[in-house]
Amino acid sequence: MTFMIWGVSIVMTVSKSRPSRALLLVLLLSSCADSRLLSYGDDTNFLLFDHPNSEKAIADVRARAESLCAERKQLAVKTESVCSLSSCTTSYQCASKADVVQDAL
């Protein structure tokens, strides 16, 4: 797996039996970043981010969502974004390309 944290790509080798450890490491390392991944797991296709209301943070969240969905060989589709003047909560769904085309997401 390849992760982007603080603009640095981190490459990790993960066995199929232990993907949760890699995810935990990514969550711990990313907790110091401006945006936080609040919800994500092996059993769900939904991602929930809390981040500042800025163009840079929005672009960073999009890139993280695309990276996490790409690990599943899926596309990241933004489903919701609610913002105040200072912060946003943004949801993405990982979906197959066929589902995206079929549902015109």
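This tour moves through the disulfides and then the aromatic pair of the structure shown above.

The model is predicted, so local features are reported where pLDDT is at least 70 and side-chain atom pairs only at pLDDT 80 or more, while totals for chains, interfaces and linings use all residues. Residues are numbered from 1 along each chain as its sequence is written, and side-chain values use heavy atoms, with hydrogens and water left out.

**The disulfides**

Begin by displaying the cysteine side chains. The structure holds two disulfides, a disulfide being a pair of cysteine sulfur atoms within 2.5 Å. A disulfide is a covalent bond between the sulfur atoms of two cysteines. When the bonded cysteines are counted along the chain, the pattern is 1-4, 2-3.

Select cysteine 69 and cysteine 94. A disulfide joins these residues, with an S to S distance of 2.0 Å. The angle about the S-S bond is -80°, and the link of cysteine 69 and cysteine 94 is left-handed. This pair links distant parts of the chain: cysteine 69 belongs to helix 2 (residues 55-71) and cysteine 94 to strand 6 (residues 87-95), 25 residues apart. Helices (H or I, at least four residues) and strands (E, at least two) are DSSP runs, numbered from the N terminus.

Now show the surface around this link. Cysteine 69 counts as buried because its relative accessibility is 0%, and cysteine 94 is buried with a relative accessible area of 1%. Buried means under 20% relative accessible area, exposed means over 50%, and partly exposed lies in between (1.4 Å probe, protein chains only).

Next, select cysteine 83 and cysteine 88. Their sulfur atoms lie 2.0 Å apart and form a disulfide. With 110° about the S-S bond, the link of cysteine 83 and cysteine 88 is right-handed.

**The aromatic pair**

Turn now to the rings. Rings of Phe, Tyr and Trp (its six-membered ring) pair if their centres lie within 6.5 Å; planes under 30 degrees apart count as stacked, over 60 as edge-to-face and the rest as tilted. By this rule the count is one aromatic pair.

Select phenylalanine 49 and tyrosine 92. Their rings form an edge-to-face pair, 6.1 Å centre to centre, with 85° between the planes. The pair links distant parts of the chain, with phenylalanine 49 in strand 4 (residues 46-52) and tyrosine 92 in strand 6, 43 residues apart. Phenylalanine 49 counts as buried, at 0% relative accessibility, and tyrosine 92 is buried with a relative accessible area of 1%.
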